[in-house]
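Okay, thanks everyone for coming. Today I'd like to walk you through some aromatic rings, so let me put the structure up.

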Amino acid sequence: MSQPPPLLLLLLLTTSAVVSAATKQQQQKFREAPQFYNSLDCPSLTLSDDQDDNAAPDDSLIVCSEQAIHLAMTLDLAYIRGSMAAILSILQHSSCPQNTFFHFVVSSDHPQLRATVSASFPFLRFNVYSFDDAAVAGLISTSIRSALDCPLNYARSYLANLLPLCVPRVVYLDSDVVVVDDIASLFSTPLPNDAVLAAPEYCYANFTSYFTPTFWSNPSLSVTFANRRPCYFNTGVMVIDLNRWRAGEYTRKIEEWMELQKRIRIYDLGSLPPFLLVFAGNIVPVDHRWNQHGLGGDNFRGLCRDLHPGPVSLLHWSGKGKPWARLDAGRPCPLDALWAPYDLLQPPFLFDS
């Protein structure tokens, strides 16, 4: 019996591995989380002035309440386990969990993702928004890690286009975070002097390393940071004024840098550098406790890392190593034990019970 050509055999094995991984992700089932209630001093979710007071208080109306706390995250099959843990941690530590409204962005309105969230959080207030991958795919350049090239990774640049116009501001969070403080404190961060964005910034980081020598050697490009004190900030935790974002057409400004990157390689790190080009030096700094980032190690090996000095409100496993993957592999980092209590994944042997 003849053997298939080596190239064909490799293709078959690769296809089988991809299908197996996708099937494994689709088979994930999660436990139902407990219901969380507002404290007595939480404001009621009232309707805004342009809404009918006699309308039923469903989520489509509550989303426009001026008392709502708006959070945005992306959802996909690869990171759904992290997203579920993040949601649980937010609700568990919130003083007003029933006032929290989640805005989930997906590559398409995947019914499985919506059903997964609803099954584990039946009382959660949320909307799901479909993100058109094709709209941004042509703008994406290859980066140092393939996971950074996923179109959904760029959805944070389009929140002002996706969310309802009545939502004035939002906290964007990556899926690999755990919140151990009241998210309302971050959401209420003041944004004075027409500031558009707030985030923890790190001025001790080597800012020049985020752009190529081609960028820095071109005076017409490097002048971008003239009259600014640019500092690195991580885009996995941001407070965004959506009205000011729309007025300033910041999505277009980010896209312009991405278009230039397609012609001249000026950076290597996915969706972060365009944000730095547009906003670095012009953001409102947030206490570092709100983004203890880098717990996933670097973008190549994902080695274990310690916490930064100081208090902690949010743990962020940015980098290659994800806590759920390391726990499953039996090679967790010490800090992965802080993520594990929020893991809602139901063990496979309980699926049938």
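So, how many aromatic pairs does the count come to? The count is 22 aromatic pairs, and keep in mind that what you're looking at is a predicted model. Quick reminder before we zoom in: to describe a pair of aromatic rings, you give the distance of the centres and the angle of the planes.

Let's start with Y202 and Y232. Their ring centres are 5.9 Å apart and the planes are at 40°, so we call this pair tilted. Now, where do these two sit? Y202 belongs to strand β7, residues 201-202, while Y232 belongs to strand β8, residues 232-233, so the pair ties together parts that are 30 residues apart in sequence. And both Y202 and Y232 are buried.

Next up, F215 and W216. Here the centres are 4.9 Å apart and the planes are at 85°, so that one is edge-to-face. Is F215 buried or exposed? F215 is buried, with a relative accessible area of 0%. W216, on the other hand, is partly exposed, with a relative accessible area of 29%.

Now zoom out a bit. Both of those pairs belong to a cluster linked by ring pairs: Y202, Y204, F207, Y210, F211, F215, W216, F225 and Y232.

Key: Residues numbered from 1 in each chain as written. Predicted model: local features only at pLDDT ≥ 70, side-chain atom pairs only at ≥ 80, totals over all residues. Heavy atoms only, no water. Phe/Tyr/Trp six-rings, centres within 6.5 Å; stacked < 30°, edge-to-face > 60°. Helix = DSSP H or I, 4+ residues; strand = E, 2+ residues; numbered from the N terminus. Buried < 20%, exposed > 50% of the residue type's maximum accessible area, 1.4 Å probe, protein only.
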